[in-house]
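Dear colleague,

I am passing on the structure below, and my notes on it follow. Please read them alongside the sequence.

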Amino acid sequence: MDFGTEGLVTLVAVLREGTFEAAAASLHVTPSAVSQRIKALESAVGRVLLRRTKPVTATADGEILARLGEQWDVLVAEARGELLGAAPGFDGDPRHLPRVELSIACNADSLATWFLPVLAQMHDEHAVCLDVNRDDESVTTALLRAGDVIGAVTSDPIGVRGCQTVELGSLRYFPVASSAYLARWLPDGVRARDLRYAPMVMFDRNDHLQLKALRQLVVEPMSPPVNYVPAAAEYRRAIAAGIGWGAVPEVELDDEYTGRNLVKLSPKPIDVPLFWQYWKLRSPAVAALTDIIVDHAHRSLVPPRRATSAQARPLGSR
């Protein structure tokens, strides 16, 4: 089995752009040339790599080579930067080094709490451009498999093939509501007879965390009214405005602004275990990003040994 980098680069372009024509435009070649390169690559490996749909999607074998193609791009960009930095004519200004593009995936609550400083430190210390995909756990896993991202913060400990998994700790939540909400909907405390009619706020329909919180509050099954607010900041504001109750990260409850006027419905926390899955790749940039993520996670998350048995899986898009 022998194939060149030209075919890998073309495969990645087709999947990124969605069509052969768009890929041809991005590569500055004809659509016929793109088609010939893909056919040659498929002949070389003896497998069908793409589904000719709109948009074009990768087969399981195509995902493997797409991941390899993305990894190749990262390694080439890093090598180009090292060569330029060592070149005699380089002016020594690190701002003039070419930047390595790294695509990663992360859930919304991590972005809203502990993960943004990770991005800031990585950007400050290394010549990179970061593309953050915010989505739920099942989608981030698919992004890893397809090679669309080099790593993902996920609640799934089961490693994607070709990836390394690091346990980060747990993001701790508490179910909360505003004082006005409690006075209206739960005047006698958290009781099943009232909770079944009390509106909830959920991030989206993949938000299993709220259902976990509900089962923790009451034993009997129920389906209270639900309001969907799919944005981290607006989700907190919706709870503070009395639109419903919902689970909020502990770190935000401790904040003077975001935690103001929010009351815990239960003293029992919900710990969501988080993991960093990333390509097994000898890349200085990926290694540095992993070190920074682990460092910030250890300082910001609940250590694994402190995590409670009330763990929420899957994480969904939060």
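Within strand 5, Ala152 is the bridge partner of Ala105, and strands here are DSSP runs of E with at least two residues, just as helices are runs of H or I with at least four residues, both numbered from the N terminus. Please keep in mind that this is a predicted model, in which local features need pLDDT of at least 70, side-chain atom pairs count only at pLDDT 80 or more, and totals for chains, interfaces and linings use all residues. Residues are numbered from 1 along each chain as its sequence is written, and side-chain values use heavy atoms, with hydrogens and water left out.

Strand 3 and strand 5 (residues 151-154) run parallel and are joined by 2 bridges, where pairing requires that DSSP finds at least two bridges between two strands. Strand 3 also pairs in the parallel sense with strand 4 (residues 128-134), over 7 bridges, and there Ser103 stands opposite Asp131. Of the 7 residues in strand 3 (residues 100-106), 6 are buried (under 20% relative accessible area, with exposed over 50% and partly exposed in between, using a 1.4 Å probe and protein chains only).

In helix 11 (residues 232-240), the buried residues are Ala232, Tyr235, Arg236, Ala238 and Ile239. Seen down the axis of helix 11, these residues fall within an arc of 155 degrees, so they line one face of the helix; the arc is that of the directions from the helix axis to the C-beta atoms. Gly242, which follows helix 11, has a positive phi near 85 degrees.

For the protein chain overall, the secondary structure comes to 13 helices and 11 strands, and 47% of the 318 residues count as buried.

Best regards
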